[in-house]
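Morning, everyone. Please have the structure open on your screens. I will go from domains to side chains.

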Amino acid sequence: MAHFTRRMSSIHKETKPHEKHPRFGNLPLSTSGPQDCALTGAALLNTPYLNKGAGFPPEEREAFKLTGLLPQNVQTLDQQVKRAYQQYSTRVDDLAKNTFMTSLGEQNEVLYFRLIQDHLKEMFSVIYTPTEGDAIQNYSRLFRKPEGCFLNINDVGRVHDDLAQWGSPDDIDYIVVTDGEEILGIGDQGVGGILISVAKLVLTTLCAGIHPNRTLPVVLDCGTDSKELLNDDLYLGLKKPRVRGKEYDDFVDVFVQSARKLYPNAYIHFEDFGLPNARRILDRYRPEIPCFNDDVQGTGCVTLAAIMAGLHVSKLKLEDMRMVIFGAGTAGTGIADQVRDAIAADSGKSKDEAAKQIWYSCSPPRRSHFYPPSSDETRCVDKPGLLLKSHDDKLTHAQIDYARDDSEWEGKEGHDLLAVIKGVKPHVLIGTSTRPKSFTKEIVQEMASHVERPIIFPLSNPTRLHEASPSDLNEWTKGKALIATGSPFPPVKYEGKEYEIAECNNSTCFPGIGLGCVLSRSKLLSDKMLVAAVKSLAAQSPALKDPDKGLLPDVINVREISVHIAKAVIQQAVEEGLATQEGIPEGGEDLEEWVREQMWDAAYRPLRFVEKNSAGRHARGEMGVAGAAAQV
């Protein structure tokens with residue numbers, strides 16, 4: 001993560017902002033020109049998305065009755081960032097810094113995001129993983145002020161009313177919802193999962209300009225199976241074992257139907273649901289609503305983009321590729337799904353035929369106090385190795401499509417990964433196993449003996465759980481391997497020649513997909529829209545021009561990456577008749593500027609006073625405030 005944040009830290013300084021397009025300044029989500037404001041005095045200072053603190057210029061201080069409420073000296077945003085950073089730096093540890101940032105965001109939204117942009121080198125790991133994981137684990141002990149919407153399975157009848165408190169039908173663009181069961185690799189965190197919904201929405205704003213005051217973080221509290229939380233008298237969630245089965249499904253459905261009725265334009269992002277539920281819930285609602293699961297689809301999309309770039313370098317078509325996935329969980333099946341769907345879309349094959357190009361191998365379960373076996377791993381415990389149809393009673397819903405006929409493997413040497421590599425002779429090897437060093441020299445060299453440019457992605461996080469180090473892969477294949485990883489790594493060398501290592505970071509993909517869906521007001525997020533996003537990301541690969549460069553674009557340009565992904569998603573939505581937003585430009589520069597105009601920036605905009613009786617909810621400071629304008 002440090003390498004990623006080092007590259008990201010200069011986004012604000014090195015990337016020149018594109019000018020807003022005046023022709024699109026009248027759009028509802030336009031970010032140019034002055035903002036209407038009906039608040040004055042302390043009410044304005046207490047509204048995070050309008051507050052400028054000491055940055056209010058003299059004319060606004062007078063117009064909005066702030067004189068006497070602020071120190072005399074007017075500060076620039078740069079000066080405010082300098083002061084805030086000094087305050088941040090005095091915090092004794094990363095968890096304290098995380099708490100400081102939360103407090104800052106509750107006071108001044110622009111300053112919060114600008115501070116992160118200017119110091120992302122050290123702050124990304126504080127506002128997201130791993131420190132956000134620590135904050136989630138300590139949620140009930142650090143709790144000061146609630147963030148987001150808390151829905152619990154004991155009060156299903158209140159779900160509609162509780163959601164309705166967050167605004168009118170046009171107020172919410174993006175919802176992130178979790179049930180808290182599988183958080184950031186640290187497992188069941190119950191109600192503390194609300195913070196992953198909050199953190200994910202922060203990334204959508206940082207990386208794609210989703211308007212922060214038009215988002216809603218939600219947690220579905222279904223209880224917890226964590227004995228530690230159940231025995232903690234300070235735990236704030238439901239103190240009961242997790243509810244499962246029909247009652248759970250009905251609760252999720254009430255949430256989805258209520259959210260769609262109340263906020264018909266909202267895009268729903270499912271995050272960190274338990275492994276038995278993540279794919280199943282996604283499959284249920286994808287045909288009905290615009291929704292996305294980053295654990296299932298985000299990892300799959302960014303990995304597929306890297307695969308496409310690798311296939312370009314190795315001069316191989318997607319429809320001719322053979323791929324082995326080593327791992328048991330949601331990430332592996334999510335990758336398999338995206339690759340299968342892309343093969344089907346490009347070649348005209350059925351999904352069943354496309355799935356035959358993918359071999360799925362279960363890893364042995366983890367035996368660690370810190371990383372206990374997941375539910376999918378325990379299903380594979382009796383039969384680690386290639387998934388076969390005879391394992392039917394041990395396969396998850398997501399794995400069934402990739403189980404091979406037993407007859408196909410008769411007479412083979414075995415079922416372990418080496419045997420699979422020998423039998424399949426894959427072009428691509430993906431690791432999502434969290435089994436460190438499982439891609440051994442023997443396995444890698446066996447693969448390299450059959451293909452000219454082996455494409456090998458050890459994606460498990462954190463770094464200590466990677467299936468192999470890039471330096472070893474590069475050495476064992478004599479510089480021929482095309483490598484991408486789940487964490488940032490420095491370039492590697494072989495015989496004096498340097499090769500860049502791409503990072504499969506979901507932040508380069510999911511925010512742009514969400515932006516495209518939000519701006520187009522798409523009815524659904526289709527397979528073809530995801531493939532369009534993947535192709536857009538792959539098209540920005542430096543390896544297309546120089547095979548020694550990374551397979552994915554540098555995340556320093558993540559907002560630019562998101563513009564092009566959103567553009568591709570919108571165009572595909574229009575082509576499929578799924579876009580409902582009127583006035584979408586047909587393409588080219590106009591569409592690009594139309595997207596940019598609606599991306600939120602961490603910059604102060606001039607305020608224009610309006611009377612309350614003629615002001616909208618944004619001007620009255622009611623956005624993101626529960627109960628300010630509840631629906632009936």
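Domain bounds here come from an automatic or database domain assignment. On that basis, the protein splits into domain 1 (35-124 + 602-620), domain 2 (130-293), domain 3 (302-368 + 377-504) and domain 4 (510-598).

Some ground rules. This is a predicted model: local features need pLDDT of at least 70, side-chain atom pairs count only at pLDDT 80 or more, and totals for chains, interfaces and linings use all residues. Residues are numbered from 1 along each chain as its sequence is written, and side-chain values use heavy atoms, with hydrogens and water left out.

Take domain 1 and domain 2. Their centres, taken over C-alpha atoms, are separated by 28 Å. Domain 1 puts 15 residues into the contact and domain 2 puts in 19 residues; contact means heavy atoms within 4.5 Å.

How much area is buried between domain 1 and domain 2? About 1300 Å², with 64% of it from carbon and sulfur atoms. Buried area is the accessible area (1.4 Å probe) that two parts lose on being put together, summed over both. On the domain 1 side, Leu95, Phe113 and Arg617 lose the most area to domain 2, together 36% of what that side buries.

Now charges. Between domain 1 and domain 2 the count is one salt bridge, meaning a side-chain nitrogen of Lys or Arg within 4 Å of a carboxyl oxygen of Asp or Glu. Arg617 also meets Asp171 in a salt bridge, at 2.1 Å, N to O.

Next, rings. The whole structure holds 11 aromatic pairs. Why is the pair of Tyr112 and Phe113 edge-to-face? Their ring centres are 4.9 Å apart and their planes stand at 85°, so the pair gets that label. The rule: rings of Phe, Tyr and Trp (its six-membered ring) pair if their centres lie within 6.5 Å; planes under 30 degrees apart are stacked, over 60 edge-to-face, the rest tilted. Tyr112 counts as buried at 10% relative accessibility, and Phe113 does at 5%. Buried means under 20% relative accessible area, exposed over 50%, partly exposed in between (1.4 Å probe, protein chains only). Elsewhere, ring pairs link Tyr85, Tyr88 and Phe100 into a cluster.

Last, the cores. A nonpolar core is a set of buried Ala, Val, Leu, Ile, Met, Phe, Trp, Tyr and Cys residues joined through side-chain atoms within 4.5 Å. The largest has 117 residues, and Ile513 and Val595 touch the most other members. A second, separate core of 35 residues includes Val159, Val177, Ile281 and Ile289.
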